[in-house]
Amino acid sequence: MLDTQPRGTLATVVVGILMALAILAGPPSDAPAAAQANCAKANASPGDASVDELSDAVLCLIAKERRKSDLKRVEPNGALTRVAEKHTRVMIEEDCGQHRCGDEKSLNDRIVNSGYPRPGERYSFGEITGCSLTPQGMVDAWMGSRVHRKRILGKPYRDVGVGAGKGRPEFRDCGDGRRKGIYTVIFGSR
């Protein structure tokens with residue numbers, strides 16, 4: 001049989017097919033991690049994001065910090081989220097930047113009453129609070145504080161609840177008259 005195709009044409013076709021398959025396959029396998037590194041609304045002001053978007057951004061940024069330290073991701077927990085959201089509302093209503101505001105019960109009592117630990121179950125928890133113009137600014141501030149950084153990178157923690165709100169707080173370092181995101185994050189392990 002006579003070969004009528006010029007030499008190299010078959011190789012060109014094979015290379016073309018392989019390139020097309022590579023393009024269809026998409027970026028390398030580390031692309032999902034790179035995509036997760038970009039947290040939506042991380043740099044949004046309270047006026048440019050909903051409370052849920054602010055909470056999601058903080059949760060994403062915390063996951064990013066834990067990933068950088070080769071720690072397991074903390075999983076959102078409904079009970080801890082409800083406690084964090086309620087405390088954030090109280091912080092705004094009472095203009096209080098403390099871990100316990102007004103006539104609130106202790107954090108331990110709030111967590112126990114949430115149903116997070118089952119009766120008789122051993123558990124641990126940690127809480128961080130604060131305010132910032134953006135979620136990224138808040139997480140950066142926490143990571144710059146030895147105590148808050150220790151909470152975010154706490155190895156025993158497996159669960160998390162994030163509460164976000166919007167306001168013009170006057171407490172602590174927040175009182176400059178600008179509208180800010182106000183945050184409570186509660187970490188837990190059981």
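**Exercise 1.** How many aromatic pairs does the structure hold? Classify the pair formed by Y123 and F125.

*Solution.* The model is a predicted one. It holds two aromatic pairs. For Y123 and F125, the ring centres lie 6.1 Å apart and the planes meet at 20°. Planes under 30 degrees apart count as stacked, so the Y123 and F125 pair is stacked. As to accessibility, Y123 is partly exposed at 25%, and F125 is partly exposed at 29%.

**Exercise 2.** Determine in what order the strands of the open sheet are arranged, and which strands stand at its edges.

*Solution.* Four strands make up the open sheet, in the order β1-β3-β4-β2 and with mixed pairing. Strands β1 (75-76) and β2 (124-132) each have a single partner strand, so they stand at the edges, and one side of each lacks a neighbour in the sheet. Strands β3 (residues 159-167) and β4 (residues 180-189) run antiparallel and are joined by nine bridges. Within this pairing, G163 is placed opposite T184 of β4. Helix α3 (residues 51-68) packs on the sheet, where it touches β1, β3 and β4; its direction and that of β3 make an angle of about 135°. Helix α6 also packs on the sheet, in contact with β2 and β4, and its direction makes about 125° with that of β2.

**Exercise 3.** Locate D140 and decide whether this residue is buried, partly exposed or exposed.

*Solution.* D140 belongs to helix α6 (residues 135-143). Its relative accessibility is 42%, so D140 counts as partly exposed. In sequence, D140 and I62 are 78 residues apart, while their C-alpha atoms are 9.9 Å apart in space.

Note on methods
Residues are numbered from 1 along each chain as its sequence is written. This is a predicted model: local features need pLDDT of at least 70, side-chain atom pairs count only at pLDDT 80 or more; totals for chains, interfaces and linings use all residues. Side-chain values use heavy atoms; hydrogens and water are left out. Helices (H or I, at least four residues) and strands (E, at least two) are DSSP runs, numbered from the N terminus. Buried means under 20% relative accessible area, exposed over 50%, partly exposed in between (1.4 Å probe, protein chains only). Two strands pair if DSSP finds at least two bridges between them. Contact means heavy atoms within 4.5 Å. Axes are lines fitted to C-alpha atoms, for helices over the stretch in contact, and angles run from 0 to 180 degrees between N-to-C directions. Rings of Phe, Tyr and Trp (its six-membered ring) pair if their centres lie within 6.5 Å; planes under 30 degrees apart count as stacked, over 60 as edge-to-face and the rest as tilted.
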